[in-house]
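Here are my notes on the model, point by point. Please read them with the coordinates open.

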Amino acid sequence: MATPAAFQPLNARNIQRALSTKTFGRTLHVLEEVASTNTQAAALVQDGAPHGTVVVAESQTAGRGRLGRHWHSPSGKNLYCSVLLRTMPAREQQPLWLSWIPLTAALAVSRAVQVLTNLKPSVKWPNDILIGNRKLGGVLCESSGVGTAHVTVIVGIGLNVNIRQDEFPDELREIATSVAIESQRPCDRTALLAALLAELETRCESFLAGNHGDILEEYMLRCSTIGRRVRIELAHGEQMEGTAGSIRPDGALRIIRDDHTAVDIRAGDVIHLR
Ligand code: BT5
């Protein structure tokens, strides 16, 4: 009997057949094991890889989160991929786009999961994908050449697809989830990757066409941080508590503190308190 799609290994031919994109994934590297798809994509930048190149791996031995944190990347279960962005808006729009790319990627991932399942993941500012309070996926963007004519951004996406709860290590079991756990059925990773690339490409094009407001509006609607009591952990160990008010046009999170002053946060970890 044929193996159901959900359990088939990823391969370039099947992924490319499933693609509906113009550019994203048309140059595609599918690897069995890699240290980090972001590191692999960075090496391809040096070789002149085109805009929309995708690296996807069955497993990562040194998958990374932000600030050098570890990303749990067991083989054959989930999606670990990196998308190379080279097409940038005009110089003066670039800082805005660079701050919106991670948020846009989180939005694309959550929308792709919704398209293929009965689930509606939220985004936690800036770039976590959640179901309830559990983490379904995360985004790590790494840029180079900022301020020059050759800016590149690697959008790294980790998404838990078919991993079971008992397969997570102890430290993640209570805080992480997967598409299969939530929808109670396995999910076809090839179809999910193709949907994700389509959602990401559409939003990147939309931003570059000047429709920045549409992405902000969509993000606000999907963001479970808005209206929540939150603690922000800033660099250097500083902390702040307040209520998340809104997302600013530049992608910052506006916090209203208990003394009613507003602070815009551009980088930090957010903890949803209640
Ligand atoms: C992220 O970092 O959420 C970004 C993760 C990006 C991973 C992708 S995989 C493809 C590409 N190549 C890479 O090397 N990386 C990218 P951060 O917000 O810092 O969250 C990291 C934290 O999430 C960890 O400290 C754990 O608490 C938790 N975590 C680790 N692995 C997880 C997993 N598989 N599912 C859910 N949570 C996880």
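1. Ser-73 is buried, at a relative accessible area of 8%; buried stands for under 20% relative accessible area, exposed for over 50% and partly exposed for the range in between, with a 1.4 Å probe and protein chains only. The residue sits in the loop between strand 2 (54-60) and strand 3 (79-85). Strands are DSSP runs of E with at least two residues, helices are runs of H or I with at least four residues, and both are numbered from the N terminus.

2. This is a predicted model, in which local features need pLDDT of at least 70 and side-chain atom pairs count only at pLDDT 80 or more, while totals for chains, interfaces and linings use all residues. Residues are numbered from 1 along each chain as its sequence is written, and side-chain values use heavy atoms, with hydrogens and water left out.

3. The side chain of Ser-73 has a polar contact of 3.0 Å with the side chain of Gln-60. A polar atom of the Ser-73 side chain also lies 2.8 Å from the backbone oxygen of Trp-71. A polar contact is a pair of N or O atoms within 3.5 Å; within protein, one must be able to donate a hydrogen and the other to accept it, and residues adjacent in sequence count only if both atoms are side-chain atoms. Apart from neighbours within four places in sequence, Ser-73 is in contact with Ser-59, Gln-60, Gly-63 and Tyr-80, contact being heavy atoms within 4.5 Å.

4. Leu-67 lies in the loop between strand 2 and strand 3. Leu-67 is not a glycine, yet has a positive phi of about 50°. With a relative accessible area of 77%, Leu-67 is exposed.

5. An open sheet is formed by 7 strands in the order 1-2-3-7-6-5-4, with mixed pairing. Its edge strands, strand 1 (28-34) and strand 4 (122-124), each pair on one side only. Two strands pair if DSSP finds at least two bridges between them. On average, neighbouring strands of this sheet are turned by 20° against each other, direction ignored.

6. Strand 7 (residues 152-159) pairs with strand 6 (residues 134-144) in the antiparallel sense over 8 bridges. In this pairing Gly-137 stands opposite Leu-159, and Gly-138 has Gly-158 as its bridge partner. Strand 3 and strand 7 are also antiparallel, with 7 bridges, and Ser-82 stands opposite Gly-156.

7. How many of the residues of strand 7 are buried? The count is 8 of 8. Thr-152, Ile-154, Gly-156 and Gly-158 point one way from the strand, Val-153, Val-155, Ile-157 and Leu-159 the other way, and all are buried.

8. Trp-125 and Pro-126 are joined by a cis peptide bond, with omega about 0°. Pro-126 is in the loop between strand 4 and strand 5 (128-131).

9. Thr-177 is placed in the loop between helix 4 (170-173) and helix 5 (179-183). Its relative accessibility is 0%, so Thr-177 counts as buried. The side chains of Thr-177 and Glu-182 form a polar contact of 2.6 Å. Leaving aside neighbours within four places in sequence, the residues in contact with Thr-177 include Ile-131, Arg-134, Asn-160 and Phe-168.

10. The axes of helix 3 (residues 94-116) and helix 7 (residues 212-222) come within 10 Å and cross at roughly 55°. That makes helix 3 oblique to helix 7; under 35 degrees is roughly parallel, over 145 roughly antiparallel, 65 to 115 roughly perpendicular and the rest oblique. Axes are lines fitted to C-alpha atoms, for helices over the stretch in contact, and angles run from 0 to 180 degrees between N-to-C directions. Among the residues making the contact are Trp-100 and Leu-103 of helix 3 and Ile-215 and Tyr-219 of helix 7.

11. Strand 8 (residues 229-233) and strand 9 (residues 239-247) run antiparallel, joined by 5 bridges. They form a hairpin with 5 residues between them, and His-236 in the turn has a positive phi of about 65°.
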